[in-house]
Amino acid sequence: MRADAQRNRDRIVEVARQVFREQGYDAPLDLIAKQAGVGPGTLYRHFPTRDDLIDAVMQAWVDHVQDTADKALTHEGAPRDRLLNWFEEYVRLISVHKGGPAKITGAMGDESSPIRSKCEVLQAASGRVLDELRAEGAVRDDVTPLQVARLVGGVATVADTSDLELATVRPMLEVIADGLLT
């Protein structure tokens with residue numbers, strides 16, 4: 001890719017990240033192009049679909065997911081406290097952008113989703129946390145990372161669309177945790 005084309009692509013992603021954070025994933029792509037200082041054609045050459053742009057915006061986020069899971073695995077406390085800590089972090093991770101929880105949770109398990117790889121990263125991170133707790137005999141054997149992603153993502157979606165505070169979200173996460181623990 002030419003240097004000027006790469007600069008345009010990077011600028012589009014940077015502006016999209018900010019616009020998505022403020023307005024959600026359904027923000028007008030023409031607005032993103034305008035704020036990035038490029039024409040709509042340039043945006044669409046780099047990102048033929050909205051989901052392609054969302055995927056590019058989420059790439060840095062993937063690295064953050066891995067770091068967050070690593071920290072969750074070192075969190076001290078009883079299994080319930082560690083699981084709730086992960087759930088709260090999970091909600092934060094998928095709630096970076098308005099509309100993010102619904103977009104990500106809706107794509108969970110969808111093999112055709114353009115953000116499938118990001119969903120798999122989240123599921124793998126949840127799987128690591130669940131596996132550690134399962135090894136301690138603290139989590140039911142029949143609980144899958146996909147189930148957890150959908151349950152916690154559902155709570156995050158309600159919180160996102162209703163602008164709920166963490167203090168209101170935590171009791172819902174406690175209900176989920178209590179259903180998963182042995």
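Which helices each supply at least two residues of the lining of the largest cavity? Helix H4 (50-74) and H5 are the ones that do. Keep in mind that this is a predicted model.

## The overall picture

Let's start with the whole chain. The secondary structure comes to nine helices and zero strands, so to follow the protein along its sequence is to read α-α-α-α-α-α-α-α-α, with helices taken as DSSP runs. Its C-alpha atoms fill a box of roughly 55 × 35 × 30 Å along the principal axes.

Of the 182 residues, 43% count as buried. As for contacts between residues at least 6 apart in sequence, 68% of them join residues at least 24 apart.

Helix H9 covers residues 166-180, 15 residues in total. From first C-alpha to last it reaches 21 Å, close to the 21 Å expected at 1.5 Å a residue. Its buried residues are Val169, Leu173, Ile176, Ala177 and Leu180. They cover an arc of only 100° around the axis, which puts them on the same side of H9. The general rule behind this sort of pattern is that an α-helix has 3.6 residues a turn, so residues three or four places apart point the same way.

And what does the other face carry? Turned away from the buried side of H9 are the exposed residues Ala167 and Val175. Back on the buried side, the cover includes helix H5 (79-94) and helix H8 (145-162).

## The largest pocket

H5, H8 and H9 turn up together again here: each supplies at least two residues of the lining of the largest pocket. About 200 Å³ of space lies in this pocket.

The lining runs to 13 residues, and Val91, Ser95, Ala159, Asp160 and Leu164 are the ones that lie nearest the pocket's centre. By class, the lining of the largest pocket splits into six nonpolar, one polar and six charged residues.

## The largest cavity

In general terms, rolling a probe the size of a water molecule over the atoms shows where empty space is left.

The largest cavity holds about 50 Å³ of space. Around it sit Tyr25, Met58, Trp61, Leu93, Ile94, Val96, His97 and Ile104. H4 and H5 each give at least two residues to this lining. Sorted by class, the lining of the largest cavity has seven nonpolar residues, one polar and no charged.

## The second largest cavity

About 40 Å³ of space lies in the second largest cavity. Its lining is made up of Ala72, Leu73, Arg82, Val129, Glu132 and Leu133. The elements that give two or more residues here are H4 and helix H7 (116-135). H7 provides the largest share of this lining, with three residues.

What classes do the lining residues of the second largest cavity fall into? Four are nonpolar, none is polar and two are charged.

## Putting the spaces side by side

A quick recap by element. H5 is part of what covers the buried residues of H9, and H5 also gives at least two residues to the lining of the largest pocket and at least two to that of the largest cavity. H4 gives at least two residues to the lining of the largest cavity and two or more to that of the second largest cavity. H8, another part of the cover over H9, gives at least two residues to the lining of the largest pocket.

Terms used: Residues are numbered from 1 along each chain as its sequence is written. This is a predicted model: local features need pLDDT of at least 70, side-chain atom pairs count only at pLDDT 80 or more; totals for chains, interfaces and linings use all residues. Side-chain values use heavy atoms; hydrogens and water are left out. Helices (H or I, at least four residues) and strands (E, at least two) are DSSP runs, numbered from the N terminus. The expected span of a helix is 1.5 Å times one less than its number of residues. Buried means under 20% relative accessible area, exposed over 50%, partly exposed in between (1.4 Å probe, protein chains only). The arc is that of the directions from the helix axis to the C-beta atoms. Contact means heavy atoms within 4.5 Å. On a 1 Å grid over the protein atoms alone, a cavity is a set of points where a 1.4 Å probe fits but cannot get out, and a pocket is an open set with protein on both sides within 12 Å along at least five of seven lines; lining residues have an atom within 4 Å of a point. Grid points are joined across faces, edges and corners, and a volume is the space filled by probe spheres set on the points. Ala, Val, Leu, Ile, Met, Phe, Trp, Tyr, Cys and Pro count as nonpolar, Asp, Glu, Lys and Arg as charged, and the others, Gly among them, as polar.
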